[in-house]
Structure formats: structure tokens, C-alpha cells
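Here is a guided tour to follow with your viewer open. Keep the selection tool at hand, and we will go from stop to stop.

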Amino acid sequence: KANFTEMMMPTMSQLAVIGNTAMAMPWRRIRRPRRLRRGKTVQKVQEVTYDSFAFEPIDVLDLVVEPGMISGPSARHIWRVQTNLDELKRHKDLYSNLSALENKGQGLPSDTSRPQKQERAAIFGLEYRPEEEFDVELLVAYGDLTIDGEFFEDALVVVGNRGELLRFEENPYFGGRPCFLGTYNSLWFSEYGRGPLEPIRGQQALVNTFLNQKADILNLVIMGAFAYVDDGIVEPDNMVLQPGVGIPVGDINNIKSLTPPGNVALAYQEIASIRDRADQSSGASDYMRGMFPGGRKTAYETQQIMQGASARLNATLRHVGERMIEPALNFALESVQQFTYGRNPDIPDAVLEERYRLNYTGAATAILRNTQREEFQNWLTVVVQSPVLSEALEPTEVNEEWRKLSNIKNTKVIKTREAMAAAQAQKLALAEAQKFMSGPAANPAAEEGVK
């Protein structure tokens, strides 16, 4: 089980926080025994085989994309993986020269992105585990390479601890690179994008400056500040405020306490501006959640903020679908064709030899379907208010159209025309039977009274 749905959550969370995210989809073939026991006695041993994808989120700070080639299949992607030498030995058929890592006995190279990771963890409350628990760093690279004038097309390179070549071969995946990069708000001529918090970084820096000034002033108020005259008695190095301890001076006027300037107050306008810009950038306006973030807005301004946030969210969904989800699905399809060829009796090899292409329209289709459903509902509300127009409606067609727009795939939830005609005929026959049974012949007393 690749746990695609579970692993997609941290991948999308990274996208929402810093504006860029990445994932890898390598193929794993693992065989392990499954022992069935009765007490301590092994009754049966079964071999369990995992032969499918292994979905792995990638920290964007551990990924490098070649800036000169945008979205090209030949563009180099290099990402950093921390592991242990014992783990690599379990896959010794894939990696060579592992003895060089063991003989050197060196740890991980210095990670230049560690300060950024620590800062990110502190800001967003994330868990950050230093790499000291690992002893091997792998740099995994896919793309075209030129080494000593020789060109290698679509190559795979794995380097251990930035000094030992562990793997060098042609890309084993027919579908391309098993690495996919997604962005929140794409930039021109770049693989990377901007996140929802970047537009407010300047104002956030201003807020931080004000807060630091306020903390410095509070420190002076608490600890005290003095001006003194060097009269040969005052010892500046020993001037520490302590309860019940005096400061020796030659003259009482040789030392004076200093009053710090007034407290720095953060203007309300800066706070309100940061909140509003964050709402507009992220697409998660507080107005949609019934909260008042600060600053009065007219009804028109509120509506414009909601529309802008919705447009940004829809654009982000389409962008992630086209740049990340669709390539990943096509890669998965081609990998299934590649790795199940000749080994799956349920799928003929002739079917796996065909060329297929998936067109992911999930995000765009969902947005379009929601818009069409709202328009259809508005139209139906107007029609049913007119007796003349409501009589012209075809109930079966209305139900069928609503079912399609609501993405209800089970067609049996709505009766067919034939079934509705049969049910209507049955109701008419039942009514006629009840009318006949309730006639004069069914009530002799009433018939005698008439005579």
C-alpha cells in the first residue's frame, strides 16, 4: 500500500505554508515472510510481496531544480536523502562502492539548509529532527548530464556523502523522473513559485522591528540604565542592581538614572494591513469563516475579497493538477505498464504495450461542475415559480441533469421512463380498483336504503 492519500496531506500542507512542494514516486518490490503461529510453533509461512509505488514527500529545502530548463523532461532534479549505511546494505544489488563509505567512517556533510529548516520549524511549530541520527547522505539526480565532454541522456546518478559514486545508469523508469514539483503561485521563467505568505514579508519584518524595540525598552525599564561620572570611586564593572546593595560614589550627583523613551506601540494600521493582505493572498479570508479580522469593509469590498480568494484558490488547484497531479498519474500508468509486463496474468501483454495518456481534469471539472450546478439551480428556481413554465418541465430529464451535475454515478437512484410509466399505470389501476370496490355493489346496506 503506497498510502497516497495519507502522504498527500503533508505534501499539500508544505505547498500551503511555503508555496512549493515536491514528491517522489519510486517503485518498490519487497518480499517478506509472514509466519502464522499456533503458540510458539510456526504452522505456515507465506511470502508477502509489495510490488507497487512508494509515495514519499520531499522537503523542498532538500530539492534543487536546474533553473535554465523549465519543466523540461531533461532538466536536472537533485534531492537530498538522509539514510543509514545498514539500510543501504539491504539494497546492495542497487548500490555499489558501499565499502568506501564504511571505510571512511565519516558522517553527513554539513547541510547548508539547516538554518532555514530550524527557522521554519520555529515559525510554524513543525518538528525538526537534526540529521545526527543518520550517517549517510544521498544526492539523487535525474536528467541529462555531460561529463568530460561525454553526453549522457536521461541518466540516474546517486552520490553518497558527496564523494562516492554509488549508482550511475540510464533512468530505469520509462515514464521519466519519479520526482514532481508543485507550486502555489507560479512565477515567470522559474520552476519555483511564491507562497501565500510572501507578499506580507516586508510588513512582517516591520512588525518584528517594532516588537524588538519594545522588548529592548522593557529590558531597560526592568534592568535600569544609569549615567555616571568617573570619579575614581565608581566601578562600572561592578554596577549591578541587587536588592539592598548600594553603589559607592564620590558624590551623589555623579550618578543619575536614565528614563528610557516612551514605549513603542505597534500601529493598528500595520496589523490590519497584514491580515488583509494575508487573506487576499491565501484565499482563506476570515470573512468566509464569519470572523472579523480588523478594519471595516463595505459589503462590496467583502464580496470582492471573497471573489478574489476564490479565483486564487481555483487557479492554484488547476495549476497543481496540471503541473503535479497529471504528470504523476501518467508516470504511474507507464510504470505499471513497465513493471507488470509479462508478470500479470490478468492483464494481457498486448494491452500493456499500447501507448496511453491520462488527461487529469479533476480540479477544472470540479470547478466547472460547481458553477454549472449553481446556475442550473438558479434557473430551476425561476422556472418553478411560473405555473406555465413548470408544466413544460420534464421531471425525468431534470432529475438526470441534476444527478450529472452533482456527480452521482449511480444511475439507479432515478427511475427510468419505463419504470415511471409502469408505476403510474399501477397507481391508476389501483385507484380504479378502489373506486370499483367502494361502489354500490360493495355496500349492500347503502343499496337497500336507496330502494
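Two strands are said to pair if DSSP finds at least two bridges between them. The elements themselves are DSSP runs numbered from the N terminus, with helices being H or I runs of at least four residues and strands being E runs of at least two. This is a predicted model, in which local features need pLDDT of at least 70 and side-chain atom pairs count only at pLDDT 80 or more, while totals for chains, interfaces and linings use all residues. Residues are numbered from 1 along each chain as its sequence is written, and side-chain values use heavy atoms, with hydrogens and water left out.

**The whole chain**

Start with a cartoon view: there are 13 helices and 14 strands. Of the 451 residues in the chain, 27% are buried. Buried means under 20% relative accessible area, exposed means over 50%, and partly exposed is in between (1.4 Å probe, protein chains only).

**Stop 1: the β8 and β9 hairpin**

Select residues 150-160 and 164-170. These are β8 and β9, an antiparallel pair with six bridges. Look for L156, which stands opposite E169 in β9. Three residues lie between the strands of this hairpin, and N161 takes a positive phi near 50°.

**Stop 2**

Now select β6 (residues 77-83) and β7 (residues 136-147). Seven bridges join these antiparallel strands, and the bridge partner of R80 in β7 is L139.

**Stop 3: a salt-bridge network**

Stay with R80 and show side chains. A salt bridge is a side-chain nitrogen of Lys or Arg within 4 Å of a carboxyl oxygen of Asp or Glu, and the whole structure has six. One of them joins E137 and R80, at 2.5 Å from N to O. This pair links distant parts of the chain, with E137 in β7 and R80 in β6, 57 residues apart. How accessible is E137? Its relative accessible area is 0%, so E137 is buried. R80 is buried too, at 9%.

Next, select R162, which also forms a salt bridge with E137, the closest N and O atoms being 2.9 Å apart. Here the link runs from the loop between β8 and β9, where R162 sits, to E137 in β7, 25 residues apart. R162 counts as partly exposed because its relative accessibility is 43%.

**Stop 4: helix α11**

Move to residues 395-405, helix α11, where T396, V398, R403 and L405 are buried. E400 and R403 form a salt bridge, with 2.5 Å between the closest N and O atoms. Both lie in α11, three residues apart, about one turn of the helix. An α-helix has 3.6 residues a turn, so residues three or four places apart point the same way. E400 is partly exposed at 25% relative accessible area, whereas R403 is buried at 9%. Just after the helix, find N407, which takes a positive phi of about 60°.

**Stop 5: aromatic rings**

Colour Phe, Tyr and Trp. Their rings (the six-membered one for Trp) pair if the centres lie within 6.5 Å; planes under 30 degrees apart count as stacked, over 60 as edge-to-face and the rest as tilted. The structure holds ten such pairs. For W27 and F53, the centres are 4.9 Å apart and the planes at 70°, so this pair is edge-to-face. W27 lies in β2 (residues 27-38) and F53 in β3 (residues 41-53), so the pair ties together parts that are 26 residues apart in sequence. Both residues are buried. How are the rings of W79 and Y142 arranged, stacked or edge-to-face? Their centres are 5.8 Å apart and their planes at 15°, so the pair is stacked. To finish, select W27, F53, Y173, F180, F331 and F339 together, as they form one aromatic cluster.
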